[in-house]
Amino acid sequence: MTTVPIIRVQSTDFDLQSEIDALTAGRKNIGAVVTFSGLCRDEQGALSALELEHYPGMAEAEMRRIGEIAIERFLLLGLTAIHRHGKILPGENIVLVIATASHRQAAFDGANFMMDFLKTSAPFWKKEHAADGTAGDWIAAKDADDAARDKWR
């Protein structure tokens, strides 16, 4: 059976437990489920919202490409990656990655790999909105994100 990544880019929130249940239902060969959920921070009260934009079609295609590589490289039994777009308030979900595998290390590595490449390769842009009502700048890519991605090469 070929494992196909579940990829979604959406404005609406997601439910972590529902997504885990959908990925693992009826599966007896899964020995590990690793999840990562990224939340919007308030930056110590300075941020009222984070606005995320994406390149429709291209973002999903790149996420799918990364997911297929993760599945093959780490022998994942399942992979879900969901990224939200639009205005997201502090405390709300931004991104979810779920990796399932026979063993824990493969699931951990698959989830880390997916996030490291998602942060640097998928076409998403973030803009901060300050608590005082002013629109901030678009957030530049971080060298630390590139370094995290490059460790997999």
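Is tyrosine 55 buried, partly exposed or exposed, and what is its relative accessible area? In this predicted model, the relative accessible area of tyrosine 55 is 44%. Tyrosine 55 is therefore partly exposed, since that class lies between the limits of 20% for buried and 50% for exposed. The residue sits in the loop that runs between strand E3 (47–54) and helix H2 (58–74). Together with Met58, Trp125 and Trp138, Tyr55 makes a nonpolar surface patch of about 450 Å².

Attention now turns to the aromatic rings. Four aromatic pairs are found when the whole structure is searched. One of them joins phenylalanine 113 and phenylalanine 117 in a tilted arrangement, with 4.6 Å centre to centre and 35° between the planes. Both of these residues belong to helix H3 (residues 104–121), where they are four residues apart, about one turn of the helix. Phenylalanine 113 and phenylalanine 117 are both buried.

Phenylalanine 113 also pairs with tryptophan 152, this time edge-to-face, at 5.6 Å centre to centre and 75° between the planes.

Technical notes: Residues numbered from 1 in each chain as written. Predicted model: local features only at pLDDT ≥ 70, side-chain atom pairs only at ≥ 80, totals over all residues. Heavy atoms only, no water. Patch = residues over 30% accessible without salt bridge, like charges linked within 9 Å, V, L, I, M, F, W, Y side chains within 5 Å. Areas by Shrake-Rupley, 256 points an atom, 1.4 Å probe, with all protein chains shown as cover. Salt bridge = Lys/Arg side-chain N within 4 Å of Asp/Glu carboxyl O. Helix = DSSP H or I, 4+ residues; strand = E, 2+ residues; numbered from the N terminus. Buried < 20%, exposed > 50% of the residue type's maximum accessible area, 1.4 Å probe, protein only. Phe/Tyr/Trp six-rings, centres within 6.5 Å; stacked < 30°, edge-to-face > 60°.
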